[in-house]
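Hi there,

Here is the structure I promised to pass on. Have a look at it first, and then read my notes below.

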Amino acid sequence: MEEPAAHNGSAAGAAPGAGTPTRPPATPEGMALAYGSLVLMALLPIFFGALRSVSCAKSKNSSEMPETITSRDAARFPIVASCTLLGLYLFFKIFSQEYINLLLSMYFFVLGILALSHTISPMMNRFFPANFPNKQYQLLFTQGSGESKEEIVNYEFDTKDLVCLALSSVVGVWYLLRKHWIANNLFGLAFSLNGVELLHLNNVSTGCILLGGLFIYDVFWVFGTNVMVTVAKSFEAPIKLVFPQDLLEKGLDADNFAMLGLGDIVIPGIFIALLLRFDISLKKNTHTYFYTSFVAYIFGLGLTIFIMHIFKHAQPALLYLVPACIGFPLLVALAKGEVTEMFSYEESSTSKEAPGASKEEPTEASKKEK
């Protein structure tokens, strides 16, 4: 069985034979199909999530506004992730795995429905007839009164969104009752796409801090301890994409899975999405840095799978993805003489200014907020 090396939903499958000894080894055809499918599934949320992040950055709807990651957030993230990982490890060691996974299943059941509904909503809008009775709704929670009133939740939606929510609930019930790998992947893809779309790095330096920190973190927890593997094997939640290596032999009832954690999709994905928005800010009608980083991700993920099977050991995918996703675009920027423009590009966390607006004012504003 494929064993993952995971952190907070980040995993790369281990080499064949690392798991249950009684399981027959996967066939070359089955392995090629499984890993090819995982690579394809990883690329979809990155590509479409990056495209959707562009319109998301310009959105005036508070329910669709992105969450901006600052350099301080990026520096703290590996520490928070380590504490979370270690906490889960201790929980699984002390308490019953069955009850913990039951609570996690309910939690991800709700999150998965909301994420999948948000993901399919733009596509579903094309199938609604023009005369569909679409009504607007608003969910508003405030705190305080008078001039001190503060918005806690302000979510706008319509009847079409409710239909998408109902369809997503069907998948949610399927996942809750059967834990089927297809339902798991639908939720996983939705989580990944939403992450790439809604999590925005404020600049390239922040992206380098985040990816660099998680690079060290990933290597330490995979090669230094057995914590990641233990948590990933015990954690029953749609935090990873899976594909059966014995699909050709057993069909949809296959159970010998290759795995890829969502962290290995979302973390590089938000950096790739940032480079797409940087491309657009240059106003050259080219997406050079986006496509360069996208190809770099494919190269890094392919290298991860190759090394994993050479050494027959679980691999931290970010060990290969981070140098590729940062190095390739940086080399292109050096060749084009745009390194200064790349590292001076800034996205405001407090306003929706057009790309290329003043870089100093948003930075000062963000410091005051902190």
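Let's start on the surface. L86, L90, F91, I94 and F95 make up a nonpolar patch there, and together they have about 510 Å² of accessible area. One of them, L90, sits in helix α2, which covers residues 71-94. L90 counts as partly exposed because its relative accessibility is 43%, and that label applies between the 20% and 50% cut-offs. Before you read too much into any of this, keep in mind that the model is predicted.

Now the overall picture. The protein has 13 helices and eight strands. Of its 370 residues, 49% count as buried. It exposes about 18,300 Å², with carbon and sulfur atoms supplying 65% of that. If you take the contacts with a separation of 6 or more, 74% of them come from residues 24 or more positions apart.

Strands β4 (residues 136-143) and β5 (residues 150-158) pair in the antiparallel sense, over eight bridges. Q143 has E150 in β5 as its bridge partner. Six residues lie between the two strands of this hairpin, and G144 in the turn has a positive phi of about 85°.

Last stop: S281, in helix α9 (residues 263-282). Is S281 buried or exposed? It is buried, because its relative accessible area is 14% and the cut-off for buried is under 20%. Its side chain reaches the backbone oxygen of F278 at 2.6 Å.

Cheers

Key:
Residues numbered from 1 in each chain as written. Predicted model: local features only at pLDDT ≥ 70, side-chain atom pairs only at ≥ 80, totals over all residues. Heavy atoms only, no water. Pairing = 2+ DSSP bridges. Helix = DSSP H or I, 4+ residues; strand = E, 2+ residues; numbered from the N terminus. Patch = residues over 30% accessible without salt bridge, like charges linked within 9 Å, V, L, I, M, F, W, Y side chains within 5 Å. Areas by Shrake-Rupley, 256 points an atom, 1.4 Å probe, with all protein chains shown as cover. Salt bridge = Lys/Arg side-chain N within 4 Å of Asp/Glu carboxyl O. Buried < 20%, exposed > 50% of the residue type's maximum accessible area, 1.4 Å probe, protein only. Polar contact = N/O pair within 3.5 Å; in protein donor to acceptor, adjacent residues only side chain to side chain. Contact = heavy atoms within 4.5 Å.
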